Structure formats: C-alpha cells, structure tokens
Number of protein chains: 2
Amino acid sequence: MPVVIATLRTKPGRRDDVLAAFEEHTPAIHAEPGCELYAVHAGPDRVTVVEKWADQASLDAHGVGAPLVALGRVLADALAEPGDVAVLDAFPAGDPAKGLL
Amino acid sequence: MPVVIATLRTKPGRRDDVLAAFEEHTPAIHAEPGCELYAVHAGPDRVTVVEKWADQASLDAHGVGAPLVALGRVLADALAEPGDVAVLDAFPAGDPAKGLL
C-alpha cells in the first residue's frame with residue numbers, strides 16, 4: 001500500500017493559485033479507484049500532499065489520470081523548483097493507531 | 001492542529017540506522033501528550049515522518065522532549081543534509097474521509 005509525500009515549493013505569490021487548483025481537482029482524485037488518502041497541506045511557501053493508494057496499479061493509474069494532468073498545467077508555471085514526489089513504505093513502530101496512516 | 005512533515009535524507013548506508021532509532025523511540029513519542037499521529041516511512045535514501053499534534057503547545061513540548069533529543073543524537077551523524085521539517089496547516093478539499101489526516 002504505497003504512501004506518497006509530494007512536496008511542492010511554490011514561487012512567491014503563487015501558493016494560493018496552487019491551492020485553488022487542488023481545491024478544484026481533489027474531489028475527482030478522491031473518486032479514483034484505490035485512493036485511500038489524498039490530503040493537502042499548506043505552508044508559507046509550499047503545498048504538501050500526503051497520499052495513500054491501495055496498490056501500485058492504482059497509483060500508476062492516478063499518475064496518468066485526467067485530474068493530475070489538469071493539476072500539472074497549473075503546477076508547471078507555479079513551482080519554484082520541480083516537485084519532490086517520494087513513494088514510500090510504511091515503517092510501523094509503536095502504537096499502530098498513531099504509527100500508521 | 002498542526003501537521004508536521006519531516007523529510008530526512010540519509011547518508012549512503014545509514015538509512016537503517018535511522019529507522020532503528022525511530023523504532024526505539026517512537027513508542028515514547030506516541031505517549032507524549034497531544035501526539036495524535038507520528039507515522040514513520042522509508043524510501044531508498046530517506047525517512048519521512050508524518051505527524052499530527054493536538055495543538056502548538058504539545059508540538060513545542062515534543063520538540064524539547066527526551067525522545068526527540070535521543071533521536072537527534074543518531075540523526076546528527078546519519079543525515080546527508082539538514083532535515084526538512086515543515087509545520088503545515090490542513091487544507092481540506094473533497095471527501096473529508098480522504099482529505100484530512
């Protein structure tokens with residue numbers, strides 16, 4: 001069950017454009033098969049998405065799906081550097097209720 | 001309710017040392033007041049922690065608590081660059097069951 005952390009550093013003044021694009025397209029991403037978590041977060045100069053997918057196939061399909069393509073059109077001009085998209089494995093430790101997404 | 005994403009890029013060959021330190025100290029962090037989520041993840045050259053705290057005061061207390069100090073002793077020698085620790089706000093969009101940690 002892959003976890004993805006996407007860190008997007010935004011150009012000065014463009015963070016809210018990126019958030020608006022996520023507000024528009026997140027409902028369609030939540031409806032994609034295998035999407036278990038797709039949670040958007042905002043910092044002063046960044047937008048970070050925490051994702052969990054049922055399996056690699058659903059993550060692969062998301063990667064070429066219409067919502068992400070539409071998001072990419074906004075991101076192409078609004079990021080200060082290429083996004084850092086990390087595909088990770090959970091490392092369970094401690095209390096399972098607090099240690100796993 | 002602050003969310004923290006801590007991205008730790010590890011030196012070659014040191015990732016498993018970092019994971020072992022998290023395995024040792026995560027139970028104590030889960031027991032800290034206000035810890036709602038502290039989930040460790042592993043990539044090929046990084047360890048990423050997704051955290052949620054009840055409030056800023058509990059996050060501040062965690063930052064000076066014994067478990068993080070102990071973790072820091074391992075991280076000091078094992079990271080390829082300073083950790084990227086981002087304190088973020090949730091940006092709810094779409095389905096609340098999938099859009100919020």
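In chain B, strand 1 and strand 4 run antiparallel and are joined by five bridges. Helices (H or I, at least four residues) and strands (E, at least two) are DSSP runs, numbered from the N terminus, and two strands pair if DSSP finds at least two bridges between them. Welcome to a predicted model, where local features need pLDDT of at least 70, side-chain atom pairs count only at pLDDT 80 or more, and totals for chains, interfaces and linings use all residues.

**Confidence**

- Chain A has a mean pLDDT of 97, and 100% of its residues reach 70 or more; pLDDT is the predictor's confidence in each residue, from 0 to 100.
- For the complex, the predictor gives an ipTM of 0.96 and a pTM of 0.97.

**The barrel**

- Eight strands form a closed barrel in the order 1(A)-3(A)-2(A)-4(B)-1(B)-3(B)-2(B)-4(A), and their pairing is antiparallel.
- On average, neighbouring strands of this sheet are turned by 30° against each other, direction ignored; the axes are lines fitted to C-alpha atoms, for helices over the stretch in contact, and angles run from 0 to 180 degrees between N-to-C directions.
- As background, strands of a sheet pair through backbone hydrogen bonds, either parallel or antiparallel.
- Within chain B, Val4(B) stands opposite Val87(B) of strand 4.
- Strand 1 (residues 3-9) of chain B is also joined to strand 3 (residues 46-53) of chain B, by seven bridges and in antiparallel fashion.
- Here Ile5(B) has Val50(B), in strand 3 of chain B, standing opposite.
- Between the chains, strand 2 of chain A pairs with strand 4 (residues 84-90) of chain B in the antiparallel sense, over two bridges.
- At this crossing from chain to chain, Ala42(A) has Asp89(B) as its bridge partner, and His41(A) has Ala90(B).

**A helix across the strands**

- Helix 2 (residues 56-63) of chain A lies across strand 1 (3-9), strand 2 (35-43) and strand 3 (46-53) of chain A.
- Helix 2 of chain A runs at about 140° to strand 3 of that chain.

**How the two chains meet**

- The contact takes 34 residues from chain A and 33 residues from chain B, where two residues are in contact if their C-beta atoms, placed from the backbone, lie within 7 Å.
- On the side of chain A that touches chain B, at least two residues each come from strand 1, helix 1 (15-30), strand 2, strand 3, strand 4 (84-90) and helix 4 (96-99) of chain A.
- Strand 2 of chain A supplies the largest share of that side, nine residues.
- By class, the side of chain A that touches chain B has 20 nonpolar, eight polar and six charged residues; Ala, Val, Leu, Ile, Met, Phe, Trp, Tyr, Cys and Pro count as nonpolar, Asp, Glu, Lys and Arg as charged, and the others, Gly among them, as polar.
- The copies meet through the same surface, because 97% of the interface residues of chain A are also interface residues in chain B.

- His30(A) lies in helix 1 of chain A and counts as buried because 20 C-beta neighbours are inside 10 Å; a residue is buried if 20 or more other C-beta atoms lie within 10 Å of its own, exposed if 12 or fewer, and partly exposed in between, with C-beta atoms placed from the backbone.
- Leaving aside neighbours within four places in sequence, His30(A) is in contact with Cys35(A), Tyr38(A), Gly94(B), Asp95(B), Lys98(B) and Gly99(B).
- Ile29(B), found in helix 1 (residues 15-30) of chain B, is buried, with 24 other C-beta atoms within 10 Å.
- Ile29(B) and His62(B) are 33 residues apart in sequence and 7.6 Å apart in space, C-alpha to C-alpha.
- Asp17(A) sits in helix 1 of chain A and is partly exposed, with 14 other C-beta atoms within 10 Å.
- Not counting residues up to four places away in sequence, Asp17(A) touches Val74(A) and Ala78(A).

Terms used
Residues are numbered from 1 along each chain as its sequence is written. Chains are lettered from A and ligands numbered from 1 in the order in which they are written.
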